[in-house]
Amino acid sequence: MSKKPGRRLLGQNRMLWLLDALERDPGRDQLIDMLGARVRALPLGRVRDVLHGTWLGHPVHPMAIHLPLGSWMSAAVLDVKPGRSRQADLLVALGLAGAAPAALSGLVDWAELRREQQRVGLVHAWANTAAVGLYGASLVMRLSGKGAKGRVLGYLGLTAVGVGGLLGGHLAYRQAAGANHAEEVPHVVRDGWHRVGGVDGFPVGEAVRCVVDDVPVLVVRESGGEVHALAERCSHLAGPLSEGTVADGCVQCPWHGSVFRLSDGWNVEGPATAPQPAFDTRVVDGHVEVRLPGDGVPDTVEGAATAGATPGTDGGRTS
């Protein structure tokens with residue numbers, strides 16, 4: 001007789017369980033509040049946006065860590081080869097020099113994250129701080145002629161970097177820290193014009209939230225009659241732009257202060273590094289209609305006469 005195949009029981013991944021528990025633990029929240037306030041109070045000016053990566057289109061921190069990580073990894077390889085101590089010493093020192101800008105860019109990003117992300121990010125920072133301390137001690141040992149101790153400290157530092165990298169990966173890929181939270185909008189909204197409400201339903205200079213194909217859309221009518229429409233969820237961490245401040249042709253996110261230009265969605269100020277998807281707009285028979293630019297649907301007079309809305313896709317205004 002053949003045995004009946006048993007059902008395989010899948011247990012929860014222990015590592016993910018620990019990381020999820022770290023997200024939920026409020027034990028360090030007071031420290032997080034204090035450190036976050038101090039980081040946000042730093043007089044960095046426009047340098048803050050440079051560190052966020054608004055000029056780059058994505059966060060600087062993942063790119064900045066390549067110098068210390070690459071240097072220390074290379075030093076670890078050279079440490080197993082006889083006669084390469086001087087080159088390894090130089091690489092350890094180079095990694096320490098590159099750690100400072102990497103840490104600063106990560107710190108300004110961390111101060112603008114959600115609480116659960118900050119809890120993981122704080123331990124990520126502790127691990128990397130431990131790595132810097134170990135590599136600093138390693139360099140002192142190396143320069144004082146205690147190469148064996150220096151190599152041991154270097155490998156301990158590399159282990160700490162690995163722990164920090166694990167937590168950084170969890171932040172980026174599990175918690176979506178630094179990801180563009182508006183990227184899916186052009187892939188979700190269907191082609192064509194979508195009616196979102198009557199012109200009178202959009203008070204001049206006020207942010208109004210509408211919905212198109214289940215995607216929240218921000219609509220603002222200016223005093224001259226021009227209408228602007230952007231994806232309503234902030235690209236930084238999906239903050240509700242309709243609850244933000246509209247001024248000088250821009251809207252400011254109420255959560256972390258990112259500023260976007262209404263005319264084209266450009267991220268004028270960070271921490272957002274990606275612009276907001278912007279919609280074409282028009283007014284037909286007293287109703288505002290929006291569509292994604294370059295959607296391939298001809299902008300015909302016939303379409304305008306019939307209001308251009310796809311059946312069943314009327315967005316509807318929400319307050």
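Modeller: P271 is found in the loop between β8 (267-269) and β9 (278-284). The model is a predicted one, in which local features need pLDDT of at least 70 and side-chain atom pairs count only at pLDDT 80 or more, while totals for chains, interfaces and linings use all residues. Residues are numbered from 1 along each chain as its sequence is written, and side-chain values use heavy atoms, with hydrogens and water left out.

D285, in the loop between β9 and β10 (287-291), has a positive phi near 50° although it is not a glycine. This residue counts as exposed because its relative accessibility is 61%; exposed means over 50% relative accessible area, buried under 20%, and partly exposed in between, with a 1.4 Å probe and protein chains only. A238, also not a glycine, has a positive phi of about 65° and lies in the loop between β4 and β5 (245-247). A238 counts as buried because its relative accessibility is 18%.

In soluble globular proteins, nonpolar side chains tend to be buried together. A nonpolar core is a set of buried Ala, Val, Leu, Ile, Met, Phe, Trp, Tyr and Cys residues joined through side-chain atoms within 4.5 Å. The largest one here has 18 residues, of which V189, V196, F202, V219, F279, V288 and V290 touch the most other members. Two or more residues come from each of β2 (207-212), β3 (215-221), β4 (227-231) and β10. Contact means heavy atoms within 4.5 Å; leaving aside residues up to four places away in sequence, V189 touches H194, V212, D213, V215, F279 and L292. There is also a second, separate core of 15 residues, among them L19, L22, V39 and L167.

L167 is also one of the buried residues of α8, together with G150, L153, G154, G157, L158, A160, V161, G164, H170 and L171. The expected span of a helix is 1.5 Å times one less than its number of residues. The 28 residues of α8 should therefore span 40 Å, and the end C-alpha atoms are 39 Å apart, which agrees. Just after α8, A176 takes a positive phi of about 60°. The cover over the buried residues of α8 includes α1 (14-24), α5 and α7.

Helix α5 (residues 66-79) has 14 residues and reaches 20 Å from first C-alpha to last, close to the 20 Å expected. Its buried residues are P68, S71, W72, A75, A76, L78 and D79. These residues line one face of the helix because, seen down the axis of α5, they fall within an arc of 165°, the arc being that of the directions from the helix axis to the C-beta atoms. On the other side, H66 and V77 are exposed. The buried residues of α5 pack against α4 (61-64), α6 (85-110), α7 (115-143) and α8 (147-174).

The whole structure holds one aromatic pair. Rings of Phe, Tyr and Trp (its six-membered ring) pair if their centres lie within 6.5 Å; planes under 30 degrees apart count as stacked, over 60 as edge-to-face and the rest as tilted. The pair is stacked because the rings of W72 and Y135 have centres 4.2 Å apart and planes at 10°. It links distant parts of the chain, W72 being in α5 and Y135 in α7, 63 residues apart. Both residues are buried.

In helix α6 lies S105, which counts as buried because its relative accessibility is 1%. Not counting residues up to four places away in sequence, S105 touches L51, V60, H61 and A64.

Finally, the cysteines. A search of the whole structure finds zero disulfides, a disulfide being a pair of cysteine sulfur atoms within 2.5 Å. The sulfur of C234 is 4.0 Å from that of C253, the closest cysteine sulfur, which is too far for a bond. C234 counts as buried because its relative accessibility is 1%, and C250 likewise counts as buried, at 14%.

Key: Helix = DSSP H or I, 4+ residues; strand = E, 2+ residues; numbered from the N terminus.
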